[in-house]
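Visitor: Hi, I'm new to reading protein models. Could you walk me through this one?
Guide: Happy to, just ask as we go.

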Amino acid sequence: MDSIDKLLAELKTEYKEEKPKQQPPKLNTAKPFVPPSTKTGSLMDNLLAEIKSDFAEIDAAEELKRQQELEQERIRQEQLKAKQLETLKVQAKEWTAKIDPLSPEGLWFERFAESYPSKLEAAIEYLRNNE
């Protein structure tokens with residue numbers, strides 16, 4: 001209600017200011033009467049629509065920036081995982097080369113590796129779980 005009272009006060013002030021400035025109408029000219037409230041309301045509506053549009057653009061830009069940051073973080077995480085996997089592959093190759101296949105650990109690993117597509121993948125999994 002307070003905002004309506006403010007608008008009414010503004011309209012009254014505007015109307016009082018316009019009244020002395022107006023010249024007496026000429027007899028032959030007929031202008032359609034447009035009440036000041038519709039002009040002010042239209043101006044306010046246009047201004048509010050513009051502000052709303054500006055905020056929508058800002059929100060869209062922020063959302064786009066947030067999505068780009070999330071995508072960059074996802075890519076960074078994938079690169080980190082790939083690097084870790086490469087490191088594990090190197091360690092697994094070294095470990096499988098050093099292991100004696102007839103030792104208890106070598107025999108155990110042979111059994112463990114049976115459930116994997118390759119000994120390298122089994123070694124990677126073993127090293128990953130025992131770090």
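Visitor: Is Arg76 buried, exposed or partly exposed?
Guide: Arg76 counts as partly exposed, because its relative accessibility is 43%. Buried means under 20% relative accessible area, exposed means over 50%, and partly exposed is in between (1.4 Å probe, protein chains only). This is a predicted model: local features need pLDDT of at least 70, side-chain atom pairs count only at pLDDT 80 or more, and totals for chains, interfaces and linings use all residues. Residues are numbered from 1 along each chain as its sequence is written, and side-chain values use heavy atoms, leaving out hydrogens and water.

Visitor: Which side chain does Arg76 meet in a salt bridge?
Guide: That of Glu73, at 2.9 Å from N to O. A salt bridge here is a side-chain nitrogen of Lys or Arg within 4 Å of a carboxyl oxygen of Asp or Glu. Both residues lie in helix α2, three residues apart, about one turn of the helix. Helices are DSSP runs (H or I, at least four residues), as are strands (E, at least two), numbered from the N terminus.

Visitor: Why would such side chains pair?
Guide: Side chains of opposite charge can do so when their charged atoms come close.

Visitor: How many salt bridges are there?
Guide: The count comes to seven. One of them joins Arg74 and Glu78, at 2.3 Å from N to O. Arg74 and Glu78 are about one helical turn apart, because they are four residues apart in helix α2. Those two also belong to a salt-bridge network with Glu71.

Visitor: New topic! How many helices and strands does the protein have?
Guide: Four helices and zero strands.

Visitor: And at what angle do α3 and α4 pack?
Guide: About 110 degrees, with the axes of α3 (residues 104-113) and α4 (residues 119-129) 9 Å apart. Axes are lines fitted to C-alpha atoms, for helices over the stretch in contact, and angles run from 0 to 180 degrees between N-to-C directions. So α3 and α4 are roughly perpendicular, a label for angles of 65 to 115 degrees.

Visitor: Which residues of α3 and α4 meet there?
Guide: Among them are Trp108 and Phe109 in α3, and Ala122 and Tyr126 in α4. Contact means heavy atoms within 4.5 Å. Glu110 and Lys119 also form a salt bridge, their closest N and O atoms being 2.6 Å apart.

Visitor: Last one: how much of the protein is buried?
Guide: Buried residues make up 12% of the 131 residues.

Definitions and conventions: Parallel < 35°, antiparallel > 145°, perpendicular 65-115°, else oblique.
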